[in-house]
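Here is a short briefing for a reader meeting this structure for the first time. Keep the model in view and follow the points below topic by topic.

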Amino acid sequence: MAAKSGYTRPRPLAEDAAPPPPSAVLYVANCGPAVGVTDADVRAAFGAFGEVAGVQAADNSGARVIVRFHEPAAAEAAIAALHGRPCDRLAGRVLHIRYSVPVKPKALPGGSLPVALAASELGIPGIYMVEEFVTAAEEQELLAAVDSRSWKSLAKRRVQHYGYEFLYETRNVDSKQFLGELPAFISIVLEKIASFPGLKKCTTRLVDQLTVNEYPCGVGLSPHIDTHSAFEEMIFSLSLAGPCIMEFRKYPKGSWRAPSVVNGADEHTSQEPECIRKAIFLPSRSMLLMSGEGRYAWHHYIPHHKIDDVGGRVIKRNSRRVSFTFRKVRMGPCDCEYKQFCDSHSKRC
Ligand SMILES: O=C(O)CCC(=O)C(=O)O
């Protein structure tokens, strides 16, 4: 547990490891209120070697304390006299004493990965982001619309599907099972998608499938590439109700494997192969477009964090984030140029 003193127990010594360096701070075991030794007793016993700057619990056990001297020489003398020997001032109690080590500060989630605030900073071909894509009023209307409909519960989040059901077991859709046109409440978003900056005017519908995801605070999504054979090139994702970081990962050629998904639980695998990692901050009401290389060859991932570190700024996730992901169901095989990531290609081989 984290010691309030800022110091903790040194790791048990491996044969070839160096002991913690001498300092003025000691970790003292078999000592504390749980074994009938008060702070005043400790001060009296250790005060014989130099001025004691503080005595604090090392953990919750009540039987281990941190003793801080002002001078390292006092700590050295206390170890020499008291370690492993009966202590007269403590009724013959045998103490086990080592130099303590500072508690390592916890790294903020996101670690040292720089987080881009604009897609141009991210530098992944095919990834675009438009902030304030919908207004705050439109955001509220969209949230009210999905909240008045029924959600399907997955292991850690809730979803709704429109147009076609997304099948988590196969990460695909049944293109013969059309559920109907996308609902009227998203017309405003569809109109804005049609005039997305840089998009060529298109006569056919750009999207016909919508997955709404509701993530509680701290829940993310495992790294994945949307199945090439299931969806066409362009994938739009609108962030509502709260921000998050989205990380993109490019794995070296040939190391791609289908993620294991059980009931949409997206179990996170801790043993990830080496990859290039980049991250972008997605504010509420922003629209992300994944296309080209960014859609076909980079995994996207939402870290399972309650707070995000964005350039040193700590940003708390809201109680929920709701995303609307718009895609177009593919009716034939994918013919992209990213063969090593393409399930249509592997089926043909
Ligand atoms: O929540 C998002 O923004 C992304 C959702 C997504 O990647 C997915 O549903 O596959």
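Helix α1 covers residues 39-46, and its buried residues are Val42, Ala45 and Phe46. Viewed down the axis of α1, these buried residues fall within an arc of 85°, so they line one face of the helix. The model is a predicted one.

- An α-helix has 3.6 residues a turn, so residues three or four places apart point the same way.
- The buried residues of α1 are covered by elements that include β3 (52-57), β4 (64-69), α2 (72-82) and β5 (86-87).

**The chain overall**
- The protein chain contains 7 helices and 24 strands.
- Of its 349 residues, 33% are buried.
- Take the contacts between residues at least 6 apart in sequence: 79% of them join residues at least 24 apart.

**Nonpolar cores**
- In soluble globular proteins, nonpolar side chains tend to be buried together.
- The largest nonpolar core here has 52 residues.
- Phe236, Leu238, Met246, Ile280 and Phe324 have the most contacts inside that core.
- Setting aside neighbours within four places in sequence, Phe324 touches Leu142, Val189, Leu210, Val212, Leu238 and Leu240.
- A second, separate core has 25 residues, including Val42, Ala45, Val52 and Ile66.
- Two of these names, Val42 and Ala45, also belong to the buried residues of α1.

**Strand β17**
- How many of the 6 residues of β17 (residues 235-240) are buried? The count is 6 of the 6, so β17 is largely enclosed by the rest of the structure.
- In a regular strand the side chains alternate between the two faces of the sheet.
- In β17, Ile235, Ser237 and Ser239 point one way, while Phe236, Leu238 and Leu240 point the other way.
- β17 pairs with β20 (residues 287-290) in the antiparallel sense, over 4 bridges. Within this pairing, Ser237 has Leu288 as its bridge partner.
- β17 also runs antiparallel to β24, joined by 5 bridges. Here Ser239 stands opposite Ser323.

**The seven-stranded sheet**
- An open sheet of 7 strands has the order β10-β20-β17-β24-β15-β12-β11, with antiparallel pairing.
- Its edge strands are β10 (127-130) and β11 (152-153), and each pairs on one side only.
- Ser153 stands opposite Arg158 in β12.

**The five-stranded sheet**
- Another open sheet has 5 strands in the order β9-β19-β18-β21-β16, and its pairing is mixed.
- The edge strands are β9 and β16 (221-224), each pairing on one side only.
- Inside this sheet, 3 bridges join β18 (residues 244-250) to β21 (residues 299-302), and the two run antiparallel. Arg249 stands opposite His299 in β21.

**Loop residues to look at**
- Ala91 lies in the loop between β5 and β6 (93-94). Its phi is positive, about 50°, although Ala91 is not a glycine.
- Is Ala91 buried or exposed? Ala91 is exposed, with 10 other C-beta atoms within 10 Å.
- Ala241 sits in the loop between β17 and β18. Ala241 also has a positive phi, near 70°, in a residue other than glycine.
- Ala241 is partly exposed, with 18 other C-beta atoms within 10 Å.
- Pro114 is placed in the loop between β8 (101-102) and β9 (115-116).
- Pro114 is partly exposed, and 13 other C-beta atoms lie within 10 Å.
- Pro114 and Gly311 are 197 residues apart along the chain, yet 6.4 Å separates their C-alpha atoms.

Methods
Residues numbered from 1 in each chain as written. Predicted model: local features only at pLDDT ≥ 70, side-chain atom pairs only at ≥ 80, totals over all residues. Core = buried A, V, L, I, M, F, W, Y, C linked by C-beta atoms within 7 Å. Buried ≥ 20, exposed ≤ 12 C-beta atoms within 10 Å, placed from the backbone. Contact = placed C-beta atoms within 7 Å. Arc of directions from axis to C-beta. Pairing = 2+ DSSP bridges.
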